[in-house]
Amino acid sequence: MRQIYENYTEEDFEVWKILFDRQMKQFPTHACQAYREGLKIANFETGLIPDFKETNKILQETTGWQLAVVPGIVPDYTFFELMANRRFPATTWLRKMKELDYLEEPDMFHDVFAHVPLLTNQHFVNFLEELSKIGLEYVGNDHAIQLLSRVYWFTVEFGLIQEQEGLRIYGAGILSSAGETKFSLSDEPPKHEFSIEHMLNTPYRKDVFQTEYFITESYEQLYNSIPEIKKLLADKLEAVA
């Protein structure tokens with residue numbers, strides 16, 4: 001599959017612009033530094049849907065990653081196999097104007113705007129690659145994948161990071177949501193120190209703002225947690241065997 005750029009409509013460009021501008025107003029005080037730097041590297045602009053060919057050139061030169069076009073949510077094996085080989089699965093369709101605030105399935109704004117900037121951070125993509133290799137080992141084991149998905153969910157999708165300027169967002173699920181961008185950094189939801197054990201024991205829902213978040217200290221901490229993820233996951237699976 002590939003992105004057919006000429007198929008984008010005026011509504012698509014307008015949707016991208018509205019979503020882009022809305023998030024950019026919040027990001028100076030809400031998005032993490034690595035994301036803001038990655039946004040500049042990716043050369044994303046308001047009103048201009050990214051061309052995957054150009055984005056892939058940038059990612060290849062920066063961290064060796066690429067975008068791989070997918071139709072939507074893909075099977076576990078495809079998902080992990082792509083990322084274990086430094087290819088991030090991304091859709092090419094955009095939500096409609098009437099769907100600006102909520103989608104059941106991630107669109108290109110989520111996959112590209114929210115994820116791509118951090119794909120320029122080497123420690124982050126190293127974590128993503130190694131986490132995906134663990135996923136490949138357990139494809140077909142539904143319980144293992146469910147547990148591992150919690151780590152992915154509370155880091156890659158809904159992670160917070162403590163920086164010098166204060167608490168910031170790096171999770172793409174938050175960065176693509178205007179409402180959750182505000183909510184996640186408010187005093188309302190509980191926020192926990194980074195703990196793989198806690199994440200593995202914490203179920204989540206996809207249809208509401210998260211009820212709790214985990215704070216990492218650095219992307220190095222994410223990458224360095226890989227051995228612990230392997231061990232704790234194996235221990236939990238052995239305990240129920």
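1. In this predicted model, Phe 124 has a relative accessibility of 2% and therefore counts as buried, the limit for that class being under 20%. Tyr 170, at 1% relative accessibility, likewise counts as buried.

2. The structure holds 22 aromatic pairs, and Phe 124 and Tyr 170 form one of them, with ring centres 6.4 Å apart and planes at 75 degrees, so that the pair is edge-to-face. Because Phe 124 belongs to helix H6 (residues 122-137) while Tyr 170 sits in the loop between S4 and helix H8 (172-175), the pair ties together parts that are 46 residues apart in sequence.

3. Phe 183 and Phe 209 make a tilted aromatic pair, with 5.3 Å from centre to centre and 35 degrees between the planes. This pair links distant parts of the chain, since Phe 183 lies in helix H9 (residues 178-184) and Phe 209 in the loop between helix H10 (196-200) and S6, 26 residues apart. Phe 183 counts as buried at 16% relative accessibility, whereas Phe 209, with a relative accessible area of 36%, is partly exposed.

4. One aromatic cluster is formed by Trp 16, Phe 20, Phe 27, Tyr 35, Phe 44, Phe 109 and Phe 113.

5. Four strands make up an open sheet in the order S4-S3-S6-S5, and their pairing is mixed. Strands S4 (166-169) and S5 (191-193) stand at the edges with a single partner strand each, so one side of each is left without a neighbour in the sheet. From one strand to the next, the twist averages 40 degrees.

6. Strand S5 runs parallel to strand S6 (residues 213-216), and three bridges join the two; Glu 193 has Ile 215 as its bridge partner in S6.

How values were computed: Residues numbered from 1 in each chain as written. Predicted model: local features only at pLDDT ≥ 70, side-chain atom pairs only at ≥ 80, totals over all residues. Heavy atoms only, no water. Pairing = 2+ DSSP bridges. Axes fitted to C-alpha atoms, helices over the stretch in contact; angles between N-to-C directions. Phe/Tyr/Trp six-rings, centres within 6.5 Å; stacked < 30°, edge-to-face > 60°. Buried < 20%, exposed > 50% of the residue type's maximum accessible area, 1.4 Å probe, protein only.
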